[in-house]
Amino acid sequence: MEPVENQQKSTPTSRPLLAAAVLLLLVHLVLVVQAARSTSPTFDEIVHITGGYSSITLGDCRFVDVSGLADRAAALPLLFMKLRFPGPESENYRDGRQIETSREFFYGSGNDPESMLFASRLFMAVTGLLAGLAVFLWSKRLFGNRGALVSLAVFSFSPLMLAHNGLATSDTYASILLLASTGLLWRLLHRCGFGVLVLSGLSLGLLSVTKMSGATIVPVALALAMVRLAAGRPWTVKLGKERLITNRAGQAGFLLVLAVFLALFVWAFIWGFYGFRYSAFAQQENNKDEVRALWQEELAEGGAARAAVSCAWDHHLLPEGYVWMLAQVWRNVQQRKAFAAGKYSMRGWLWFFPFCFAVKTPLALMALLLLSFLALAARSRVPCLAYRLAPLAALFFIYILYAVFSHLNIGQRHLMPAYLVLFILAGAAAGVTGRLARPALVSSFLLAALVAAESLWVYPYFLGFFNAAAGGPKKGYRLLVDSSLDWGQDLPALSRYLAQRGREQEEGPAYLSYFGTAVPSAYGLSVRVLPGYWPLGHSDELALDPLEPGTYCISATQLWQVYMEPMGRWCGPYERAYQQAARFRDMVMSASGDPERLAELSRAVGGRETLENNLRLYAVLRLARLCAALRQREPDARAGFSILIYRVGREELSAALSGPPPELFPDPGIAE
């Protein structure tokens with residue numbers, strides 16, 4: 001690895017290398033844009049875009065989620081469109097209801113939702129190329145031109161990056177800024193000048209308003225500082241007159257000064273991002289106290305973290321909108337429902353993210369990483385190699401520890417910062433010199449090509465990628481759900497499938513149980529609504545309608561009943577509740593033609609609202625029992641891998657709803 005031996009000197013960039021890098025980034029962009037055009041909004045996107053639009057146009061931060069910078073970036077293209085925004089005149093907006101306001105903005109205000117979404121996604125895709133550029137430059141500095149090209153190739157064709165780089169979410173931005181902040185801090189610890197100091201502060205400031213997982217930069221910085229002090233190398237400081245700090249005591253003192261300066265810089269940056277205004281509300285509204293009361297509920301439980309957030313709130317240490325973000329994060333890290341490989345938990349598992357890596361990483365990339373680690377091990381005696389890899393190692397291991405011990409077990413995307421490090425290290429084998437140079441180089445490029453082939457296997461549904469060892473994308477729904485597979489993105493694919501089915505033959509009505517925030521009718525879907533994570537239709541009619549043989553389209557997250565009540569596998573208590581609810585529903589059905597009898601029944605159960613709630617309970621229990629039966633067999637078709645399609649005949653439907661339970665466990669199997 002010649003560049004390693006030359007330490008800080010970087011190999012010159014040749015024109016062919018530059019052309020190849022530009023070509024790879026362009027191919028990546030084209031694939032991302034094509035995927036963006038082929039899918040409906042993922043669960044969080046319209047919320048991010050609406051929050052950013054409200055923040056920019058009205059100066060109102062009630063909808064700024066845990067990714068303020070990404071929200072505003074995603075909303076920027078919308079400023080050049082003539083849109084109607086449901087502002088203070090909307091009840092949903094005034095009451096701080098994020099999803100309802102977002103759906104009103106996209107689907108209920110006369111705007112073009114597809115144009116809005118694509119404009120945001122295109123901007124995010126173009127700016128997301130910075131991640132590839134960072135991978136390329138860092139790999140080039142470590143492993144030379146050949147290593148940089150391999151690293152950029154596996155980045156460009158990674159299904160993870162292809163799936164998320166074009167989404168209006170915060171994951172890519174947070175990953176870029178974590179990598180950039182790590183690199184800038186490492187540079188600052190060796191040569192401190194005004195330029196790198198300001199860039200470090202800006203990078204940390206942007207990271208602080210992008211995603212709360214960015215706080216992992218603090219232990220990363222501490223680890224880098226300890227490595228730097230242990231090395232005992234002179235520290236060049238050029239803040240005015242250039243000087244060298246050679247003793248550890250002086251370096252430790254200057255480190256403390258830098259830490260205080262950067263902390264104050266970030267604190268001021270956060271205030272500046274929120275316009276140096278404490279209130280999250282741009283206007284004095286009558287119900288802002290009610291909205292704040294809802295925010296306070298996020299802090300119902302907790303220890304030291306709750307006390308810290310409450311202190312920031314009470315003493316106005318940080319802007320109100322930012323503290324609201326902290327409250328949301330605190331809620332999510334305490335407890336979050338999770339599913340993996342047929343198992344359920346309220347707090348997740350230590351093995352969740354290693355499992356994600358094992359089933360959703362291309363096998364060719366795993367082989368390339370193994371080859372690269374062997375190459376690094378063979379060159380372990382190269383002077384300064386371990387030292388130069390220190391920032392990447394610190395970022396990778398600290399972030400992995402954070403992810404593994406997090407209770408937020410919902411998606412592979414939370415590993416993206418670690419993947420960027422792995423993409424850089426994947427170039428190590430191509431940077432080998434000497435006798436093994438040619439075999440290593442050929443193997444590296446061959447494996448990079450196989451990564452591309454594996455990813456293109458699922459084009460354009462990159463979010464549904466699972467490697468062959470895991471059974472491929474068609475088996476993925478049995479392993480992971482939510483943002484690892486099913487994030488609401490496949491309504492267009494479902495629309496195309498049902499349109500084709502309608503032309504071929506009539507198979508009864510189409511039903512949909514959807515995990516997402518998009519509106520199916522906006523994609524030409526005319527379906528009967530089953531209970532979903534978010535209401536799509538009139539629940540009273542839904543509860544009373546008997547199910548018919550037909551086509552049942554079930555989002556993978558709904559099939560496994562991850563976020564629904566009842567959650568988990570079908571069990572004795574659920575069966576008893578279902579039978580009781582079915583009897584009540586039959587009573588209501590028999591009284592539906594007699595207003596007096598229906599009113600009497602309503603009074604008997606405690607009022608109309610209680611009656612409606614009981615009908616809703618029947619609807620969700622009926623869906624859960626049906627899903628338990630459908631899980632026993634493979635789907636007949638799939639819409640983009642995330643929406644499973646079952647053609648259910650009369651006998652199968654009757655057995656699922658009225659026959660012996662398809663499965664009957666003693667309990668729902670939910671680990672605490």
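Which residues does Phe123 touch, not counting residues up to four places away in sequence? In this predicted model, Phe123 touches Ala73, Leu76, Pro77 and Tyr173 when residues up to four places away in sequence are not counted. The place of Phe123 is in helix α7, and at 30% relative accessibility the residue counts as partly exposed.

Helix α19, which spans residues 416-425, is mostly covered, with 10 of its 10 residues buried. The buried residues are Met416, Pro417, Ala418, Tyr419, Leu420, Val421, Leu422, Phe423, Ile424 and Leu425.

With a relative accessibility of 0%, Thr182 counts as buried. Once its neighbours within four places in sequence are left aside, Thr182 is in contact with Trp138, Ile217, Val220, Leu224, Pro391 and Leu395.

The packing of helix α11 (residues 217-231) with helix α12 (residues 248-273) is described by an angle of about 160°, with the two axes 10 Å apart. Because angles over 145 degrees count as roughly antiparallel, α11 is roughly antiparallel to α12. The crossing of the two helices, α11 and α12, is right-handed. On the side of α11, the contact is made by Ala225, Arg228, Leu229, Ala230 and Ala231, while α12 contributes Arg248, Gln251, Ala252 and Leu255. Sorted by class, the residues in the contact of α11 with α12 comprise 6 nonpolar, 1 polar and 2 charged residues.

Turning to the strands, strand β8 (residues 550-555) is mostly covered, and 6 of its 6 residues are buried. Strand β8 pairs with strand β6 (residues 510-513) in the parallel sense over 4 bridges, and within this pairing the bridge partner of Ala510 in β8 is Thr551. Strand β8 also pairs with strand β10 (residues 643-648), here in the antiparallel sense and over 6 bridges. The bridge partner of Ser555 in β10 is Ile643.

A separate description applies to an open sheet of 3 strands, in which the order is β4-β5-β11 and the pairing is mixed. The edge strands of this sheet are β4 (338-340) and β11 (670-671), each of which pairs on one side only. Strand β5 (residues 343-345) pairs with β11 in the parallel sense over 2 bridges, and the bridge partner of Ser345 in β11 is Ala671.

Several backbone features fall in loops. In the loop between α20 (437-456) and α21 (491-504), where Pro460 is found, a cis peptide bond joins Tyr459 and Pro460, with omega at about -5°. The loop between α20 and α21 is also the place of Asp482, a residue that has a positive phi of about 50° although it is not a glycine. Asp482 has a relative accessibility of 4% and therefore counts as buried, since buried means under 20% relative accessible area.

The loop between α23 (556-559) and α24 (572-591) holds Pro566, and the peptide bond from Glu565 to Pro566 is cis, with omega near 10°. Gln561 lies in the loop between α23 and α24 as well, and this residue has a positive phi of about 55° although it is not a glycine. At a relative accessibility of 1%, Gln561 counts as buried.

Technical notes: Residues are numbered from 1 along each chain as its sequence is written. This is a predicted model: local features need pLDDT of at least 70, side-chain atom pairs count only at pLDDT 80 or more; totals for chains, interfaces and linings use all residues. Side-chain values use heavy atoms; hydrogens and water are left out. Axes are lines fitted to C-alpha atoms, for helices over the stretch in contact, and angles run from 0 to 180 degrees between N-to-C directions. Angles under 35 degrees count as roughly parallel, over 145 as roughly antiparallel, 65 to 115 as roughly perpendicular and the rest as oblique. A crossing is left-handed if the near helix is turned anticlockwise from the far one by less than a right angle, and right-handed if clockwise. Contact means heavy atoms within 4.5 Å. Ala, Val, Leu, Ile, Met, Phe, Trp, Tyr, Cys and Pro count as nonpolar, Asp, Glu, Lys and Arg as charged, and the others, Gly among them, as polar. Buried means under 20% relative accessible area, exposed over 50%, partly exposed in between (1.4 Å probe, protein chains only). Two strands pair if DSSP finds at least two bridges between them.
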